[in-house]
Amino acid sequence: MDFEPKILGIACNWCTYTGADLAGTTRLQYPQNLRVVRVMCSSRINPSFIFRAFQLGADGVLVGGCHPGDCHYNTGNLYARRRLAVTRKILEFAGIEPGRFRVEWISASEGNKFAEVVTEFTEQVRNLGPQTKFKIEQLPTPEKI
Amino acid sequence: MSINFKQIEEKLKSEATKLLEEGKVGVVLAYGKGYDENHPLPFVARKASDVENIVFNEYCTANMARYIVRYPRGTKIAIAVKAADSRAVIQLIQEDKVKREDLVILGIPAYGMKNAKTGEVVDSKTTCGMYNPVIYDTLLGEEVHGQSVVSPYDVLAEYEAMDKEARWAFWKKELDKCIRCYACRKACPMCYCDPCFIDQNKPKWGEKSPESHGNLMYHLTRFHHLAGRCIDCGECSRACPVDIPLYLFHKKVAKDCEEMFGQAAGMSIEDKPALVNFRVEDSDKILE
Amino acid sequence: MKKTSINKISDLAAELLGKGTLVAPVKEDAGFNFREISNAGQVDLNFYNTLMSPKSAFFPQTEDFVRYDKNKSVLDAQCVDLNLKPVFLFGVRPCDAKSFQIMDIHFSGTGVVDPYWKKRREATTVFGYAFDINTPADGADFYSTLNIGAADPEGSDVFMMKRGDELLLKAVTPKGETLLASLTSLADASADEQKYFDDTVAAGRDFKTRFTCVDDKVIAKKLEDLFHKTEFWEKISDACLSCGACTFVCPTCYCFDICDETLFSKGVRRRVWDACMFTDFTLEASGHNPRTKVYQRLRQKICHKYSFHVRKYGVISCVGCGRCTRNCPVNIDIFSIVDEALKA
Ligand code: SF4
Ligand code: SF4
Ligand code: FES
């Protein structure tokens, strides 16, 4: 059976989420592997969300925010940029392919870009195959002793 | 030249006596006698008569900076610091956990400190490998010069060169050993949150029982929370009863932060911690 | 009484493996630990004492009670039942063997019986193993202070000691007796060896670790008197980090927490070790926490072991194995504190 990756999208309310809406209303086609969660700002994303998403079975995580300088809260995404850069390094050093995590700046008017990014990222994750390292397959049973 | 521990001890005692007698500080955070020579205890002198219990020898590895946050704000504290410890103090000042004017920093230049558990010398492999305190009011002893300076990040080469699968296997094996005693976070001068995210139930960030997934969540998040703040004292790894080399991950994150943000933790009280700061000209390259 | 040669220990291990589950010290990165043995050759008696205590053989760090599915009825929840083969806990030091008797008080002795503890205890045969009395004790141990001999068979079902290249085994309880009689890889010991065994047990009583013996009651009373001397407790807890390393390695610490772990709709209710040194240990649902300070928690730990326990059950809840001292990140030594209290 073909592998259909599960991708978590975390999109900021003011730009990327609206951009996704635009992609929808303009009837752009993009893969349905993305499940989007809306947050108020990319800086609202706690890095633990990303670790947890991988544990709960995500094959890839895509974060979307306003372009630097355009954040609704002025500087949120400038903090987020640093923070998520660290998250990426941590995932990489723990052994997760860096290709499974991506941050993109997509504005409210960039419906096209949204569809392109999702298509491209989905393909990329599909090529990487299922993410099994962090995934919790089943409730752990205690060790013997 | 080698470190004269006896002389440092004497100076530490006389400074402590002076500060306490003159009423300049309420407490002196230093080292005291433990159950034997090789096991000195972190020690707090409150009166001049406590000072006789102060010791300093090569086993005094503890980072006293972690005790600072225990005292109410405004307490005048004198603290004995080695190189890494002084960076922790700077970092705490940056994070506004303590005010510079409330501290009297007694700097100790040292090398050749030993891990009491293993007897191994503590050097740049497990710590930042610096010899002289970055900040101090009084230096107890002479600055160390002429010792070879090794990058604290050299030990990472082997792990950075591993392929992803091997690195994951390595971390999985190591983190699976964790018994969740939380000695690492308690030993860390920068882990002062109450409650710690892992103790929270709503939301519950990770499993409470010691198994792979909860351990992974606890440690990865802790590494993240210490990004740009870990001053590489190595206390977490020395505290760990099951010898997990936490310092490797902390070093890696510290190295990346230094490369990306151009600033090492705890080097100047003028800095802001890297992750609560930004520059407009930060490049998107760091996300690639 | 029986014996075998040390280099034939794997034969004994193989025989025990044939009869059930064998749990023995195995060398790991940070030291020896009791682990289930899969291959008879793994058994290695060249250890001083294990890093973690053997309590996990009866009281594992994680014990599942109930498994459930949130989408199903409560009635479909499954109790986790233990089906144990006979277990052989091999190479338990005398102080640790003694700790099982102390733990029995809590898990079955007070009338409220913990079925998991009881089943594990009944399924297990404890092979005690004497300390070598010809080499000095580790600097952290203080079992002799608590009246435990270096070769004390109490608490074991079978007691073992080394004599040169031989391993002598003697049954202590009827359970041990039956087991020893059924083992074919053992030879009978000579009268000379019997004498050596008894002499060593006696000599072990005079073997000294740190400190001198003090009466339980005296310690208990003294700590009780000191309870409200906040200054004393603050001073001794200046160094304490309030981590859980000491309680997790301790053979007589038995506090636990019941928690639910879930994965989507599936869940399990389990018991995990908790520690009186953790800030949230005493946190109440109202948000009130009676022990917010480090000194209150350390005082609780020490008074519980050396004072409350003596008053309530007549015995100190510590066996002097020295694990907490060895593993304390800041070198706090529990008996030095008691010693200081006695002098205070
Ligand atoms: S994480 Fe470890 S090395 Fe870094 S500051 Fe904390 S204790 Fe020191
Ligand atoms: S000190 Fe070691 S065993 Fe304890 S919680 Fe930290 S990593 Fe785990
Ligand atoms: S509001 Fe869009 S990134 Fe801050």
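This briefing covers the interface of chain B and chain A and a sheet in chain C. The structure is a predicted model, in which local features need pLDDT of at least 70, side-chain atom pairs count only at pLDDT 80 or more, and totals for chains, interfaces and linings use all residues. Residues are numbered from 1 along each chain as its sequence is written.

**Interface of chains B and A**

- In chain B, 41 residues are in contact with 35 residues of chain A, contact meaning heavy atoms within 4.5 Å.
- The two chains bury about 3500 Å² between them, 67% of it on carbon and sulfur atoms; buried area is the accessible area (1.4 Å probe) lost by two parts on being put together, summed over both.
- On the chain B side, His224(B), Phe278(B) and Leu287(B) lose the most area to chain A, together 20% of what that side buries.

**Salt bridges**

- Four salt bridges cross this interface, each defined as a side-chain nitrogen of Lys or Arg within 4 Å of a carboxyl oxygen of Asp or Glu.
- Arg81(A) forms a salt bridge with Asp284(B), with the closest N and O atoms 2.8 Å apart.

**Sheet in chain C**

- Strand E4 (residues 62–69) of chain C pairs with E5(C) in the antiparallel sense over two bridges, pairing requiring at least two bridges found by DSSP.
- Arg67(C) stands opposite Gln78(C) in E5(C).

Key: Chains are lettered from A and ligands numbered from 1 in the order in which they are written. Side-chain values use heavy atoms; hydrogens and water are left out. Helices (H or I, at least four residues) and strands (E, at least two) are DSSP runs, numbered from the N terminus.
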